[in-house]
Amino acid sequence: MSDLRALFGIEHPIVLGPFGGLSSVPLTAAVSDAGGLGSFGLYGYDGDRIRRTGAELRAATSRPFALNIWVPTGDEVVPNAQHMIFAQALQPFYDAVGVEMPARPEQYIPSHEEQLDAIWDVAPAVLSVVFGVPSGAVVEEAHRRGIRVVGTATTVAEAVALADGGVDAVVATGFEAGGHRVSFVRPAEDSLVGTFALVPQVVDAVDVPVIAAGGIADRRGVAAAFALGAEAVQVGTAFLVTPESAVNDAHREAIRRTPADGTVLTKAMSGRLARGVRNRAVRAIEASGTIAPFPMQNWLTGLFRTAAGRQELGELQSLWMGQAAPLARAGSAAEAFAELVAGVPVE
Ligand SMILES: Cc1cc2nc3c(=O)[nH]c(=O)nc-3n(C[C@H](O)[C@H](O)[C@H](O)COP(=O)(O)O)c2cc1C
(Lines give C-alpha, C1' and ligand atoms only; values in the text may rest on other atoms or scores of the structure.)
Protein backbone atom coordinates (compact mmCIF):
# COMPACT_ATOMS: atom_id res chain seq x y z
CA MET A 1 0.00 0.00 0.00
CA SER A 2 1.37 3.41 -0.91
CA ASP A 3 2.23 5.82 1.90
CA LEU A 4 -0.63 8.05 0.97
CA ARG A 5 -3.32 5.40 1.15
CA ALA A 6 -2.05 4.36 4.56
CA LEU A 7 -1.82 8.02 5.63
CA PHE A 8 -5.48 8.69 4.82
CA GLY A 9 -6.78 5.19 5.66
CA ILE A 10 -8.24 4.71 2.16
CA GLU A 11 -8.22 1.85 -0.32
CA HIS A 12 -7.91 3.68 -3.65
CA PRO A 13 -5.78 6.79 -4.25
CA ILE A 14 -8.68 8.85 -5.61
CA VAL A 15 -9.68 12.10 -3.90
CA LEU A 16 -12.97 13.87 -4.59
CA GLY A 17 -12.18 17.56 -4.99
CA PRO A 18 -13.94 19.80 -2.48
CA PHE A 19 -16.43 22.27 -3.98
CA GLY A 20 -16.77 25.41 -1.86
CA GLY A 21 -20.49 26.20 -1.91
CA LEU A 22 -21.32 23.18 -4.08
CA SER A 23 -20.19 20.15 -2.08
CA SER A 24 -22.83 17.57 -1.25
CA VAL A 25 -23.00 15.02 1.54
CA PRO A 26 -24.22 12.22 -0.79
CA LEU A 27 -21.32 12.72 -3.25
CA THR A 28 -18.70 12.99 -0.50
CA ALA A 29 -20.06 9.84 1.16
CA ALA A 30 -20.28 7.98 -2.18
CA VAL A 31 -16.58 8.55 -2.89
CA SER A 32 -15.53 7.62 0.65
CA ASP A 33 -17.75 4.52 0.57
CA ALA A 34 -16.18 3.49 -2.73
CA GLY A 35 -12.78 3.47 -1.00
CA GLY A 36 -11.52 6.93 -1.99
CA LEU A 37 -11.32 10.14 0.01
CA GLY A 38 -14.48 12.20 -0.24
CA SER A 39 -13.87 15.90 0.46
CA PHE A 40 -16.38 18.55 1.49
CA GLY A 41 -15.73 22.26 0.83
CA LEU A 42 -16.64 24.52 3.76
CA TYR A 43 -16.16 27.93 2.12
CA GLY A 44 -18.55 30.37 3.78
CA TYR A 45 -19.80 27.87 6.40
CA ASP A 46 -20.03 29.12 9.98
CA GLY A 47 -19.26 26.92 12.98
CA ASP A 48 -22.81 25.63 13.46
CA ARG A 49 -23.16 24.67 9.81
CA ILE A 50 -19.78 22.90 9.89
CA ARG A 51 -20.83 20.86 12.93
CA ARG A 52 -24.17 20.00 11.31
CA THR A 53 -22.44 19.00 8.06
CA GLY A 54 -19.92 16.91 9.98
CA ALA A 55 -22.78 15.04 11.69
CA GLU A 56 -24.48 14.46 8.32
CA LEU A 57 -21.24 13.12 6.84
CA ARG A 58 -20.72 10.79 9.81
CA ALA A 59 -24.29 9.51 9.41
CA ALA A 60 -23.75 8.98 5.66
CA THR A 61 -20.39 7.19 5.76
CA SER A 62 -18.22 5.42 8.30
CA ARG A 63 -15.15 5.89 6.07
CA PRO A 64 -12.52 8.67 6.20
CA PHE A 65 -13.37 12.03 4.61
CA ALA A 66 -11.70 15.43 4.25
CA LEU A 67 -12.97 18.88 5.15
CA ASN A 68 -11.63 21.83 3.16
CA ILE A 69 -11.21 25.51 4.01
CA TRP A 70 -9.73 28.63 2.45
CA VAL A 71 -6.79 30.05 4.44
CA PRO A 72 -7.04 33.84 4.94
CA THR A 73 -4.49 35.62 2.75
CA GLY A 74 -4.78 38.89 4.65
CA ASP A 75 -6.10 40.89 1.70
CA GLU A 76 -9.78 40.00 2.20
CA VAL A 77 -11.85 43.20 2.37
CA VAL A 78 -14.39 43.62 5.16
CA PRO A 79 -17.78 45.26 4.60
CA ASN A 80 -17.21 48.99 4.02
CA ALA A 81 -18.73 52.07 2.39
CA GLN A 82 -17.99 50.74 -1.08
CA HIS A 83 -20.42 47.89 -0.55
CA MET A 84 -23.43 49.80 -1.88
CA ILE A 85 -21.52 51.19 -4.88
CA PHE A 86 -20.56 47.71 -6.03
CA ALA A 87 -24.03 46.39 -5.18
CA GLN A 88 -25.60 49.08 -7.40
CA ALA A 89 -23.45 47.93 -10.33
CA LEU A 90 -25.10 44.51 -10.00
CA GLN A 91 -28.68 45.84 -9.78
CA PRO A 92 -29.70 44.43 -13.21
CA PHE A 93 -28.84 40.93 -11.97
CA TYR A 94 -30.83 41.32 -8.75
CA ASP A 95 -33.75 42.54 -10.87
CA ALA A 96 -33.41 39.63 -13.30
CA VAL A 97 -33.83 37.03 -10.55
CA GLY A 98 -36.23 39.04 -8.38
CA VAL A 99 -34.12 39.67 -5.26
CA GLU A 100 -33.62 42.91 -3.30
CA MET A 101 -30.31 44.73 -3.51
CA PRO A 102 -28.47 43.45 -0.42
CA ALA A 103 -27.77 45.66 2.59
CA ARG A 104 -24.27 45.63 4.07
CA PRO A 105 -23.74 42.54 6.24
CA GLU A 106 -21.63 42.44 9.40
CA GLN A 107 -19.17 40.07 7.75
CA TYR A 108 -18.84 38.39 4.37
CA ILE A 109 -17.29 35.15 5.58
CA PRO A 110 -16.96 33.47 8.98
CA SER A 111 -13.57 33.77 10.67
CA HIS A 112 -10.82 31.21 10.20
CA GLU A 113 -10.84 30.56 13.96
CA GLU A 114 -14.58 29.87 14.04
CA GLN A 115 -14.23 27.39 11.18
CA LEU A 116 -11.24 25.65 12.76
CA ASP A 117 -12.94 25.28 16.17
CA ALA A 118 -15.82 23.47 14.49
CA ILE A 119 -13.48 21.34 12.37
CA TRP A 120 -11.68 20.16 15.51
CA ASP A 121 -15.06 19.07 16.89
CA VAL A 122 -15.89 17.15 13.69
CA ALA A 123 -12.39 15.60 13.63
CA PRO A 124 -12.23 14.57 9.96
CA ALA A 125 -9.48 12.20 8.82
CA VAL A 126 -8.04 15.00 6.67
CA LEU A 127 -8.09 18.81 6.70
CA SER A 128 -7.27 20.21 3.25
CA VAL A 129 -6.59 23.88 2.65
CA VAL A 130 -6.21 26.29 -0.25
CA PHE A 131 -4.83 29.82 -0.66
CA GLY A 132 -1.97 29.46 1.76
CA VAL A 133 0.13 27.56 4.24
CA PRO A 134 -1.69 26.62 7.44
CA SER A 135 0.01 28.09 10.50
CA GLY A 136 2.35 25.93 12.57
CA ALA A 137 -0.21 26.01 15.39
CA VAL A 138 -2.95 24.67 13.09
CA VAL A 139 -0.76 21.86 11.76
CA GLU A 140 0.30 20.97 15.29
CA GLU A 141 -3.27 20.96 16.62
CA ALA A 142 -4.46 18.84 13.68
CA HIS A 143 -1.70 16.32 14.23
CA ARG A 144 -2.37 16.23 17.97
CA ARG A 145 -5.93 15.22 17.09
CA GLY A 146 -4.82 12.63 14.50
CA ILE A 147 -5.98 14.78 11.55
CA ARG A 148 -3.79 14.78 8.42
CA VAL A 149 -3.18 18.12 6.74
CA VAL A 150 -3.11 18.63 2.96
CA GLY A 151 -2.10 21.89 1.27
CA THR A 152 -2.68 22.95 -2.32
CA ALA A 153 -0.02 24.33 -4.67
CA THR A 154 -0.27 25.96 -8.09
CA THR A 155 3.53 26.38 -8.40
CA VAL A 156 6.68 24.63 -7.21
CA ALA A 157 7.42 27.51 -4.81
CA GLU A 158 4.00 27.05 -3.15
CA ALA A 159 4.57 23.28 -2.83
CA VAL A 160 7.92 23.90 -1.12
CA ALA A 161 6.35 26.47 1.23
CA LEU A 162 3.62 23.96 2.16
CA ALA A 163 6.10 21.13 2.74
CA ASP A 164 8.23 23.45 4.88
CA GLY A 165 5.04 24.30 6.78
CA GLY A 166 4.65 20.67 7.83
CA VAL A 167 1.74 19.46 5.69
CA ASP A 168 1.39 15.68 5.19
CA ALA A 169 0.71 15.85 1.43
CA VAL A 170 0.48 18.43 -1.35
CA VAL A 171 -2.16 18.76 -4.05
CA ALA A 172 -0.44 20.04 -7.22
CA THR A 173 -3.20 21.67 -9.24
CA GLY A 174 -2.68 22.68 -12.85
CA PHE A 175 -4.53 25.53 -14.53
CA GLU A 176 -6.83 23.09 -16.34
CA ALA A 177 -8.74 22.65 -13.08
CA GLY A 178 -12.27 23.93 -12.51
CA GLY A 179 -12.97 26.58 -9.88
CA HIS A 180 -10.56 29.03 -8.26
CA ARG A 181 -6.85 29.31 -8.91
CA VAL A 182 -5.68 28.97 -5.34
CA SER A 183 -2.29 30.68 -5.71
CA PHE A 184 -0.73 32.43 -2.73
CA VAL A 185 2.96 33.12 -3.38
CA ARG A 186 2.50 35.19 -6.54
CA PRO A 187 -0.69 36.47 -8.15
CA ALA A 188 -2.81 33.73 -9.75
CA GLU A 189 -2.35 35.31 -13.19
CA ASP A 190 1.42 34.79 -12.84
CA SER A 191 1.11 31.24 -11.50
CA LEU A 192 -0.55 29.45 -14.41
CA VAL A 193 1.25 26.12 -14.78
CA GLY A 194 -0.34 23.10 -16.48
CA THR A 195 -0.73 19.79 -14.65
CA PHE A 196 1.73 17.92 -16.90
CA ALA A 197 4.53 20.41 -16.21
CA LEU A 198 3.65 21.02 -12.55
CA VAL A 199 3.28 17.53 -11.09
CA PRO A 200 6.75 16.08 -11.83
CA GLN A 201 8.45 19.30 -10.74
CA VAL A 202 6.57 19.28 -7.45
CA VAL A 203 7.39 15.57 -7.00
CA ASP A 204 11.08 16.45 -7.43
CA ALA A 205 10.89 19.42 -5.06
CA VAL A 206 9.14 18.00 -1.98
CA ASP A 207 9.47 14.91 0.21
CA VAL A 208 5.76 14.54 0.96
CA PRO A 209 3.32 12.61 -1.28
CA VAL A 210 1.87 14.57 -4.20
CA ILE A 211 -1.77 14.47 -5.31
CA ALA A 212 -2.27 15.56 -8.94
CA ALA A 213 -5.27 17.72 -9.80
CA GLY A 214 -6.53 19.52 -12.87
CA GLY A 215 -7.77 17.98 -16.10
CA ILE A 216 -7.97 14.40 -14.80
CA ALA A 217 -11.34 12.87 -15.64
CA ASP A 218 -10.79 9.28 -16.80
CA ARG A 219 -8.41 6.32 -16.49
CA ARG A 220 -5.94 7.84 -18.98
CA GLY A 221 -5.50 10.97 -16.88
CA VAL A 222 -5.03 8.90 -13.73
CA ALA A 223 -2.40 6.69 -15.39
CA ALA A 224 -0.58 9.79 -16.66
CA ALA A 225 -0.61 11.39 -13.20
CA PHE A 226 0.98 8.28 -11.69
CA ALA A 227 3.57 8.19 -14.49
CA LEU A 228 4.46 11.77 -13.51
CA GLY A 229 5.12 10.66 -9.94
CA ALA A 230 1.84 11.47 -8.22
CA GLU A 231 0.63 9.08 -5.50
CA ALA A 232 -3.03 10.04 -5.88
CA VAL A 233 -5.31 12.19 -8.00
CA GLN A 234 -7.90 14.79 -7.00
CA VAL A 235 -10.84 15.01 -9.38
CA GLY A 236 -13.47 17.73 -9.51
CA THR A 237 -15.34 18.24 -12.76
CA ALA A 238 -15.88 14.53 -13.53
CA PHE A 239 -17.63 14.12 -10.16
CA LEU A 240 -19.46 17.45 -10.33
CA VAL A 241 -21.56 16.15 -13.22
CA THR A 242 -22.81 13.05 -11.35
CA PRO A 243 -26.37 12.83 -9.98
CA GLU A 244 -25.02 12.80 -6.39
CA SER A 245 -23.46 16.26 -6.79
CA ALA A 246 -25.14 19.47 -5.62
CA VAL A 247 -25.12 21.20 -9.03
CA ASN A 248 -28.48 22.01 -10.62
CA ASP A 249 -29.54 20.72 -14.04
CA ALA A 250 -28.38 23.90 -15.81
CA HIS A 251 -24.84 23.44 -14.46
CA ARG A 252 -24.83 19.69 -15.15
CA GLU A 253 -25.97 20.30 -18.74
CA ALA A 254 -23.34 23.00 -19.18
CA ILE A 255 -20.60 20.55 -18.14
CA ARG A 256 -21.93 18.08 -20.73
CA ARG A 257 -21.93 20.56 -23.61
CA THR A 258 -18.86 22.74 -22.91
CA PRO A 259 -15.84 21.93 -25.10
CA ALA A 260 -12.24 21.89 -23.84
CA ASP A 261 -11.74 25.48 -25.01
CA GLY A 262 -15.12 26.61 -23.67
CA THR A 263 -13.95 27.78 -20.24
CA VAL A 264 -12.07 30.92 -19.21
CA LEU A 265 -10.31 32.25 -16.14
CA THR A 266 -12.26 35.19 -14.76
CA LYS A 267 -12.45 37.36 -11.63
CA ALA A 268 -15.97 38.51 -12.49
CA MET A 269 -17.91 36.37 -10.03
CA SER A 270 -15.75 36.45 -6.90
CA GLY A 271 -12.97 39.01 -7.30
CA ARG A 272 -10.50 36.12 -7.53
CA LEU A 273 -9.46 34.21 -10.63
CA ALA A 274 -11.52 31.08 -11.30
CA ARG A 275 -12.19 28.74 -14.24
CA GLY A 276 -15.69 28.42 -15.60
CA VAL A 277 -17.94 29.26 -18.52
CA ARG A 278 -18.06 32.86 -19.77
CA ASN A 279 -21.84 33.08 -19.61
CA ARG A 280 -23.97 36.22 -19.84
CA ALA A 281 -23.28 37.31 -16.26
CA VAL A 282 -19.49 36.91 -16.62
CA ARG A 283 -19.49 38.77 -19.96
CA ALA A 284 -21.56 41.66 -18.58
CA ILE A 285 -19.52 42.05 -15.38
CA GLU A 286 -16.22 41.88 -17.29
CA ALA A 287 -17.52 44.48 -19.78
CA SER A 288 -18.63 46.79 -16.94
CA GLY A 289 -15.08 46.85 -15.58
CA THR A 290 -16.57 47.03 -12.07
CA ILE A 291 -15.45 44.11 -9.96
CA ALA A 292 -15.25 44.43 -6.18
CA PRO A 293 -12.34 42.82 -4.34
CA PHE A 294 -12.71 39.39 -2.75
CA PRO A 295 -14.80 38.42 -0.81
CA MET A 296 -17.13 41.40 -1.39
CA GLN A 297 -17.71 40.49 -5.04
CA ASN A 298 -18.30 36.84 -4.17
CA TRP A 299 -20.87 37.79 -1.54
CA LEU A 300 -22.61 40.36 -3.77
CA THR A 301 -22.87 38.07 -6.80
CA GLY A 302 -23.72 35.12 -4.53
CA LEU A 303 -27.14 36.59 -3.84
CA PHE A 304 -28.22 36.59 -7.49
CA ARG A 305 -26.28 33.40 -8.33
CA THR A 306 -28.11 31.43 -5.64
CA ALA A 307 -31.49 32.71 -6.85
CA ALA A 308 -30.50 32.01 -10.47
CA GLY A 309 -29.47 28.50 -9.46
CA ARG A 310 -32.87 27.83 -7.94
CA GLN A 311 -34.51 29.10 -11.15
CA GLU A 312 -32.18 27.03 -13.40
CA LEU A 313 -30.90 30.23 -15.05
CA GLY A 314 -27.49 28.98 -16.16
CA GLU A 315 -26.60 32.31 -17.80
CA LEU A 316 -26.72 34.04 -14.40
CA GLN A 317 -25.06 31.50 -12.11
CA SER A 318 -21.43 30.40 -11.74
CA LEU A 319 -20.76 27.57 -14.14
CA TRP A 320 -17.42 26.51 -12.66
CA MET A 321 -15.79 23.58 -14.48
CA GLY A 322 -12.40 22.49 -15.78
CA GLN A 323 -10.98 21.93 -19.25
CA ALA A 324 -11.61 18.18 -19.04
CA ALA A 325 -15.40 18.71 -18.96
CA PRO A 326 -15.93 16.81 -22.25
CA LEU A 327 -14.27 13.74 -20.69
CA ALA A 328 -16.79 13.63 -17.83
CA ARG A 329 -19.22 10.72 -18.35
CA ALA A 330 -22.92 10.62 -17.65
CA GLY A 331 -23.13 8.11 -14.83
CA SER A 332 -23.23 7.70 -11.07
CA ALA A 333 -20.45 8.70 -8.71
CA ALA A 334 -19.61 5.00 -8.28
CA GLU A 335 -19.27 4.64 -12.06
CA ALA A 336 -17.08 7.75 -12.32
CA PHE A 337 -15.01 6.37 -9.46
CA ALA A 338 -14.59 2.93 -11.09
CA GLU A 339 -13.44 4.60 -14.32
CA LEU A 340 -10.73 6.50 -12.41
CA VAL A 341 -9.62 3.46 -10.39
CA ALA A 342 -9.05 1.61 -13.69
CA GLY A 343 -6.15 4.01 -14.36
CA VAL A 344 -4.32 3.35 -11.07
CA PRO A 345 -1.21 1.26 -11.78
CA VAL A 346 -1.33 -2.26 -10.32
CA GLU A 347 1.41 -2.68 -7.71
C1 LIG B 1 -17.37 24.31 -8.42
C2 LIG B 1 -16.00 24.09 -7.89
C3 LIG B 1 -15.69 24.52 -6.61
C4 LIG B 1 -14.43 24.28 -6.07
N5 LIG B 1 -14.16 24.69 -4.79
C6 LIG B 1 -12.99 24.34 -4.20
C7 LIG B 1 -12.74 24.65 -2.83
O8 LIG B 1 -13.55 25.28 -2.15
N9 LIG B 1 -11.58 24.21 -2.29
C10 LIG B 1 -10.64 23.49 -3.02
O11 LIG B 1 -9.63 23.08 -2.48
N12 LIG B 1 -10.84 23.23 -4.34
C13 LIG B 1 -11.99 23.62 -4.93
N14 LIG B 1 -12.21 23.30 -6.25
C15 LIG B 1 -11.20 22.53 -6.99
C16 LIG B 1 -11.54 21.03 -6.95
O17 LIG B 1 -11.59 20.55 -5.65
C18 LIG B 1 -10.52 20.19 -7.75
O19 LIG B 1 -9.23 20.33 -7.24
C20 LIG B 1 -10.51 20.57 -9.21
O21 LIG B 1 -11.83 20.63 -9.70
C22 LIG B 1 -9.71 19.55 -10.02
O23 LIG B 1 -9.69 19.86 -11.39
P24 LIG B 1 -10.77 19.25 -12.44
O25 LIG B 1 -11.98 20.11 -12.29
O26 LIG B 1 -10.10 19.44 -13.76
O27 LIG B 1 -11.02 17.82 -12.08
C28 LIG B 1 -13.44 23.60 -6.83
C29 LIG B 1 -13.76 23.19 -8.14
C30 LIG B 1 -15.00 23.42 -8.68
C31 LIG B 1 -15.29 22.94 -10.07
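Two strands count as paired here if DSSP finds at least two bridges between them; strands (E, at least two residues) and helices (H or I, at least four) are DSSP runs, numbered from the N terminus. With that in hand, here are some notes on the model.

1. **Ground rules.** This is a predicted model, in which local features need pLDDT of at least 70 and side-chain atom pairs count only at pLDDT 80 or more, while totals for chains, interfaces and linings use all residues. Residues are numbered from 1 along each chain as its sequence is written, and side-chain values use heavy atoms, with hydrogens and water left out.

2. **How enclosed is E6?** Call a residue buried under 20% relative accessible area, exposed over 50%, and partly exposed in between (1.4 Å probe, protein chains only). Five of the five residues of E6 (residues 169-173) are buried, so the strand is largely enclosed by the rest of the structure. In a regular strand the side chains alternate between the two faces of the sheet. In E6, Ala169, Val171 and Thr173 lie on one side and Val170 and Ala172 on the other, and both faces are covered.

3. **Strand E8 and its other partner.** Burial continues in E8: Val210 and Ala212 point one way, Ile211 and Ala213 the other, and all are buried. E8 also pairs with E9, again in the parallel sense, over three bridges. In that pairing, alanine 212 stands opposite valine 233.

4. **Crossovers.** A crossover is right-handed if, with the strands pointing away from the viewer, the path from the first strand over the helix to the second runs clockwise. E5, helix H8 (residues 156-164) and E6 make a right-handed β-α-β unit. Another right-handed β-α-β unit is built from E8, helix H10 (residues 219-227) and E9.

5. **Ligand oxygens.** An oxygen atom of the ligand is 2.6 Å from an N or O atom in the side chain of threonine 237. On the backbone side, a polar atom of glycine 236 is 2.8 Å from a ligand oxygen, and a backbone N or O atom of glycine 215 lies 2.7 Å from one. Taken alone the ligand exposes 620 Å², and the protein buries 95% of that; these areas come from the Shrake-Rupley method with a 1.4 Å probe.

6. **An antiparallel sheet.** E7, E11 and E10 form an open sheet in the order E7-E11-E10, with antiparallel pairing. Strand E7 (179-180) and strand E10 (263-266) stand at the edges with a single partner strand each, so one side of each is left without a neighbour in the sheet. E10 pairs with strand E11 (residues 274-277) over four bridges, and leucine 265 stands opposite arginine 275.

7. **Backbone points to inspect.** Most residues other than glycine have a negative phi, and most peptide bonds are trans. Alanine 123 has a positive phi, near 55°; this residue sits in the loop between helix H6 (112-122) and strand E4 (126-130) and is partly exposed, with a relative accessible area of 34%. Phenylalanine 131 also has a positive phi, near 70°. That phenylalanine lies in the loop between E4 and helix H7 (136-144) and counts as buried at 4% relative accessibility. Finally, a cis peptide bond, with omega about -5°, joins phenylalanine 294 and proline 295, and proline 295 lies in the loop between helix H13 (280-288) and helix H14 (296-310).

Methods: Polar contact = N/O pair within 3.5 Å; in protein donor to acceptor, adjacent residues only side chain to side chain.
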